[in-house]
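Load the model in your viewer and keep the selection panel open.

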Amino acid sequence: MVDLEKLKNVAKDTVSREDVKYLIGWRQGTYGFRVSPLFMTEPEDADKLIFSPLCVNNLATYLTLAEKLPVPRGAEPDTRKVALMVKGCDSRAVVQQLIEKGIERESVLVIGCPCQGVLDLEKVEEKFPGIHSPVDVQWGDDKFIINLPDGPQEVPREELLAKKCLNCRYPNPVMSDVMLWEEVEAWGNGEYADVKELEEKDSQARWSFWQDKFESCIRCYACRNACPMCYCEDCVLDRLNPQWIYRSNNISENTVFHLARAFHLVGRCIECGECERVCPMGLPLMTLNRKLVKEVRDKYDFEPGLDPESKPFQSSYRPDDQEDFIL
Ligand code: SF4
Ligand code: SF4
Ligand code: SF4
């Protein structure tokens with residue numbers, strides 16, 4: 001059960017610490033069902049923090065975005081910790097960043113928020129269109145309680161749950177320095193129904209499926225920018241010399257873009273769903289990513305973002321790995 005008082009007290013204590021730079025959490029947005037990140041530096045801002053089914057964004061992206069800005073000439077880098085509120089899926093991004101040494105353990109303070117599943121914003125905005133003033137949403141027993149301007153509405157949880165949450169196996173943070181409330185029972189079964197459905201088609205049908213999707217991509221790169229695991233300072237997609245991928249928007253370049261990104265995420269994607277959520281063209285990017293997650297799990301018995309002591313998947317091997325060419 002969410003304990004907002006505890007959240008606020010922990011947040012006040014956290015930002016009062018000398019070794020903490022700021023805390024990143026969620027706050028109510030300025031319209032409808034949207035929330036915003038809150039970069040909290042002052043204890044009095046604790047009242048702005050929320051944790052509710054609206055907190056869809058994976059804030060772990062900021063650990064590598066905000067923290068990798070160049071330090072101004074003559075200035076000393078600020079090495080204090082960043083405190084970060086995480087749901088279960090978000091915590092796996094932090095763990096994976098630690099595994100890859102994208103961040104250091106002493107640079108982050110993880111505030112764990114056991115999670116009962118967030119809203120699919122498209123579905124909720126379709127069900128309740130034209131809501132402009134900020135809306136509060138809470139979890140009830142197997143339902144969402146949506147406090148609309150003209151009164152509360154209760155909607156069964158399954159109806160509005162985000163796709164990634166329908167089969168969530170890690171609703172509790174897998175790593176935390178502070179756990180804010182009791183853990184919840186996981187409900188996912190590790191099935192990859194959407195992937196299996198596509199696998200059953202023949203290769204021509206699969207290619208037609210992806211060709212249709214890739215053709216509609218406008219190469220806005222929102223998927224890459226929202227991904228907590230896409231944090232290379234020098235991204236291969238931006239390189240001009242050599243230029244691996246041309247800027248032209250066509251099926252050939254778009255396919256290279258998607259396959260390059262998918263392969264760079266093998267053994268690293270933690271299934272937070274941010275790429276698919278932010279895509280303005282509705283590409284089913286999670287189906288592509290989850291296909292590779294499934295392959296890595298089935299063939300190599302490896303899941304990313306669970307054990308900070310594990311080695312990066314792409315730079316390690318075991319003698320019994322299913323690839324003859326390795327040894
Ligand atoms: S995937 Fe799991 S941890 Fe992440 S928002 Fe959904 S229910 Fe919560
Ligand atoms: S967010 Fe969607 S449209 Fe934009 S580059 Fe990614 S897949 Fe293409
Ligand atoms: S590829 Fe998508 S699902 Fe995977 S970590 Fe990145 S944003 Fe999350």
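Start with everything selected: for 327 residues a compact globule would have a radius of gyration near 20 Å, and the protein's 21 Å agrees with that (taken over C-alpha atoms; the globule rule is 2.2 Å times the number of residues to the power 0.38). This is a predicted model, in which local features need pLDDT of at least 70 and side-chain atom pairs count only at pLDDT 80 or more, while totals for chains, interfaces and linings use all residues. Residues are numbered from 1 along each chain as its sequence is written, and chains are lettered from A and ligands numbered from 1 in the order in which they are written.

Switch to cartoon: the protein has 12 helices and nine strands (DSSP runs numbered from the N terminus, H or I of at least four residues for helices, E of at least two for strands).

Next, select residues 88-99, which form helix 3. Its 12 residues reach 17 Å from first C-alpha to last, close to the 16 Å expected at 1.5 Å a residue (1.5 Å times one less than the number of residues). Helix 3 is largely enclosed by the rest of the structure, because 12 of its 12 residues are buried (20 or more other C-beta atoms within 10 Å of their own, with C-beta atoms placed from the backbone).

Just after helix 3, pick K101, which has a positive phi of about 60 degrees.

Finally, centre on ligand 2: of the 13 residues around it, C217, C220, A222, C223 and C279 come nearest (C-beta atom, placed from the backbone, within 6 Å).
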